[in-house]
Amino acid sequence: GANVNDALPDGASALVVAAHSGHGELAALLLETGADPNAADVGYTALHAAVNRSDLPLVNTLLARGADPNIRITKASPARRDSNDFQLQSRLIGSTAYLLAAKFVEVDIMRALAAGGADPQAVMPDGTTALMLAAGNGEARARDERRDETRRQICVCDWGVMESESVVLEAVRVALGLGSDVNAVNKAGDTALHGAASMKYDAVVQLLAQKGADLNVRNKRGQTPLTAISGGGRGQAAGDGDGYGSQIASQSTAALLRKLGAVE
């Protein structure tokens with residue numbers, strides 16, 4: 001006789017707790033017994049939590065049970081200092097599940113959400129698109145971004161820990177294939193190319209250029225993708241370390257941009 005939609009004082013339903021805790025099978029059982037897939041009193045849904053946990057089977061189950069993929073995060077998840085808890089951090093407020101999947105380059109989840117009714121044209125409150133998030137705009141996706149990176153392909157570089165570029169490239173392809181505007185700008189004036197250049201993703205830069213990205217667009221700081229990495233100011237994406245490896249990568253990306261037609 002227990003209430004399947006029982007919730008904690010902060011509004012987290014049993015389903016949200018199960019999804020956030022990584023108990024996908026339990027979450028599926030709760031859904032089978034009538035749990036509300038769209039409960040969001042805590043500030044996010046079980047679908048957001050499943051994306052954060054890279055739980056594709058649960059994402060599919062939630063969608064099949066009527067989860068709305070276009071609900072937005074309204075509050076960050078509670079977090080303890082210096083913990084290893086999974087988190088949905090405050091900078092993610094405004095994300096739909098699809099935007100979250102793009103941020104974390106969860107390619108299969110991006111596809112599943114799009115097939116399940118997610119709006120691939122949704123943007124963050126500051127205008128950042130899914131393509132920008134996938135390409136690297138914003139803060140670098142480091143190991144502590146959501147704690148558990150064991151299921152994701154990463155590379156350890158002199159300038160930090162980030163996704164394998166092949167994974168990023170595929171996420172960018174998915175976003176482009178679903179209609180993301182290659183030249184869209186956010187409120188800071190940044191484009192996906194600014195993000196990819198700042199993160200030194202040469203293959204992504206090449207792809208965006210092939211798709212018609214403006215190589216010389218200036219953001220509101222007056223930076224083009226090239227000047228953002230070659231002395232005209234640091235790119236907005238975190239992860240721009242000062243080590244030798246970072247300098248070599250920046251030189252490679254700058255050379256590529258110039259070859260493609262970018263000017264200082």
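What share of the 264 residues in the chain is buried? Once that's settled, take me to the packing of helix 8 against helix 10 and whatever belongs with it.

Reply: Keep in mind that this is a predicted model. As for your number, 54% of the 264 residues are buried. The chain has 11 helices and two strands, and from the N terminus the order is α-α-α-α-α-α-α-β-β-α-α-α-α.

Now for the pair you asked about. Two packed helices are described by the angle between their axes and the distance between the axes. Helix 8 covers residues 165-177 and helix 10 covers 202-210; their axes come within 9 Å and cross at roughly 20 degrees. An angle under 35 degrees counts as roughly parallel, so helix 8 and helix 10 are roughly parallel. Their crossing is right-handed.

Who touches whom? From helix 8 come Glu-165, Val-168, Leu-169, Val-172, Arg-173 and Leu-176, and from helix 10 come Asp-202, Ala-203, Val-204, Leu-207 and Leu-208. Sorted by class, that contact has eight nonpolar residues, three charged ones and no polar ones. The spacing of those numbers is worth a glance: an α-helix has 3.6 residues a turn, so residues three or four places apart point the same way.

The buried residues of helix 6 are Val-107, Ile-109, Met-110, Ala-112 and Leu-113, and they pack against helix 3, helix 4, helix 5 and helix 8. Take helix 4 as a second pair: helix 4 (residues 56-64) and helix 6 (residues 107-115) have axes 10 Å apart and an angle of about 5 degrees. That makes helix 4 and helix 6 roughly parallel to each other too. Helix 4 brings Leu-56, Val-59, Asn-60 and Leu-63 to the contact, while helix 6 brings Asp-108, Ile-109, Ala-112 and Leu-113. The classes here are six nonpolar, one polar and one charged. Just after helix 6, Gly-117 has a positive phi of about 105 degrees.

Back to helix 8, and the loop between it and helix 9. The C-alpha atoms of Asp-190 and Gly-138 are 9.8 Å apart, although the two are 52 residues apart along the chain. Thr-191 sits in the loop between helix 8 and helix 9 as well, and with 2% relative accessibility Thr-191 is also buried. Apart from neighbours within four places in sequence, Thr-191 is in contact with Met-132, Asn-137, Asn-183, Ala-184, Val-185 and Val-217.

Methods: Residues numbered from 1 in each chain as written. Predicted model: local features only at pLDDT ≥ 70, side-chain atom pairs only at ≥ 80, totals over all residues. Heavy atoms only, no water. Axes fitted to C-alpha atoms, helices over the stretch in contact; angles between N-to-C directions. Helix = DSSP H or I, 4+ residues; strand = E, 2+ residues; numbered from the N terminus. Parallel < 35°, antiparallel > 145°, perpendicular 65-115°, else oblique. Left-handed = near helix turned anticlockwise from the far one by under 90°. Contact = heavy atoms within 4.5 Å. Nonpolar A, V, L, I, M, F, W, Y, C, P; charged D, E, K, R; others polar. Buried < 20%, exposed > 50% of the residue type's maximum accessible area, 1.4 Å probe, protein only.
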